[in-house]
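Please have the sequence and the model open while reading.

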Amino acid sequence: MKRISKNAGMTLIEVIVSVALLGLVVTGAYAIINFARLYLQKSQTEYQFQFATRYALQKTSDTIRYSTAVFTIPESSFAADNLDSGWDYIGIEDTADGQRIVKYTYDSVAGAHFESVLVPAQEGMGYEFVFTKVNPSDEDSLLKFSIRSYPAGSVDEHGDPVAAVTITSEVNSKNSLQIIDLSTPPYDPAVAIAFRAEERIQSVVGHVAMVLDTSGSMEQGLDGYSGHTPRRIDVLKNQATTLITNFATEDNIDIKLVPFNTSANSSDDAVYAFRNAKIYTSALLTAVNNLSPGGGTNTGDGLRRAYWALYNHNHEVGAGVRASNYLIVLVDGVTTFGSVISNTNRNFVTGDGAVNEGYLDRSPYDTAHGQIAGNGSNLDNTWGTPYVNTIGTGEISGFAKVYVIGFSAVSSDLNSVNNIAAACGALPENVYTASSSTALADVFDAVRQDIVNDLWYLQGPQL
């Protein structure tokens, strides 16, 4: 009987099985170790994404919050060689090493910008800023923005970056009256901001001429009936008072009232001179309170006197100050008169100065020595409307930004509004109708905001 020795070796099959089992164990262990390594690497990358994104968010939020002026800058304009003097910037910048978030600070002594990197370029990481202006009328100092970080080169089926981290914030610029959006999304979105922390330089002044209808119909209620309250003139006074008071929060707005009816002769009065809204608020409000209705509607004469007042005041500004002209025209009825040189010379008056209020065509009050042509009661397409066209197209259009307001609840009273707007070059969005006190308040507030925004834009960074 053959015995099996205790010292016999493993068979080939046993060796193969053992090696295979060992390979399985090693492979499994490697897979576990590699998985842990990849997981740790991914965690570290995600941490870097989150840290960088939140850091940039905090820096940008603090900048917006404590700036006195903020402008969003479109992608096409933000570059290190296209920065405007006096302004600091924060935005995304492409470099040879990748994207980074950088701040440029203007040094007035050196007359140059110096950069500081908020978030350096990191291999495999990209960033994106998206700024959106929050525009409700009572929240104009709000700016909403998103910061995204994403693995470089990662895109979805639409070719858009796949974000690893997206954080959205809405910031109130406490010290800034307005935030101006200079972008044109989606074609040229805002990817940076320009800001400054010191007081704004008052290098731009707004000259606002308020051409206000004080014809006899302003004695009526908004429904067109005499004796009904509130009277149109009272509503106008109340809302004009609010408008001027709100303008007075700005340092660089000068206002002149140009009341008109049969003519605009009363605008000669020193009471209606151009005055800074902030310094001379009381005098301007007194002038509003002194408005009194009576006479016809010579809109062209109001436009003429407003033009010359603006023209003359433009030449009174100091050196280095830029004047921007604005015309607020309010009418409560159709144009009924025009101003001509004389009874024998019916060419329109276009120069400065008062006219003789004698009627030429309104029997039985007409006089050969007057300069007021037209019927005085109804829409006058012989002298009234052509006079508006002459002054509007010849003087106003292109000279001032014009807002035209039809102030009446009677639709037939508004038949001259579009003609006035077209003659003066008013944009469609700057032509309004107001049939109530509330509506006029809303219109005046919209006009005020547009003018203030416009002045801020003119004082902003040059793209």
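The model is a predicted one, in which local features need pLDDT of at least 70 and side-chain atom pairs count only at pLDDT 80 or more, while totals for chains, interfaces and linings use all residues. Residues are numbered from 1 along each chain as its sequence is written, and side-chain values use heavy atoms, with hydrogens and water left out.

The side chain of Asp 413 meets that of Arg 232 in a salt bridge of 3.1 Å, N to O, the term standing for a side-chain nitrogen of Lys or Arg within 4 Å of a carboxyl oxygen of Asp or Glu. Arg 232, at 0% relative accessibility, is also counted as buried. Arg 232 forms a salt bridge with Asp 332 as well, where the closest N and O atoms are 2.7 Å apart. That pair links distant parts of the chain, 100 residues apart, with Arg 232 in helix α2 (residues 232-247) and Asp 332 in the loop between β13 (322-331) and β14 (338-339); helices (H or I, at least four residues) and strands (E, at least two) are DSSP runs, numbered from the N terminus.

## Asp 213

Asp 213 lies in strand β10 (residues 204-213). Asp 213 is buried yet has no salt bridge, and the nearest side chain of opposite charge, Arg 232, is 7.3 Å away.

## The wider picture

A search of the whole structure finds 14 salt bridges.

How values were computed. Buried < 20%, exposed > 50% of the residue type's maximum accessible area, 1.4 Å probe, protein only. Lys, Arg positive; Asp, Glu negative; His and termini not counted.
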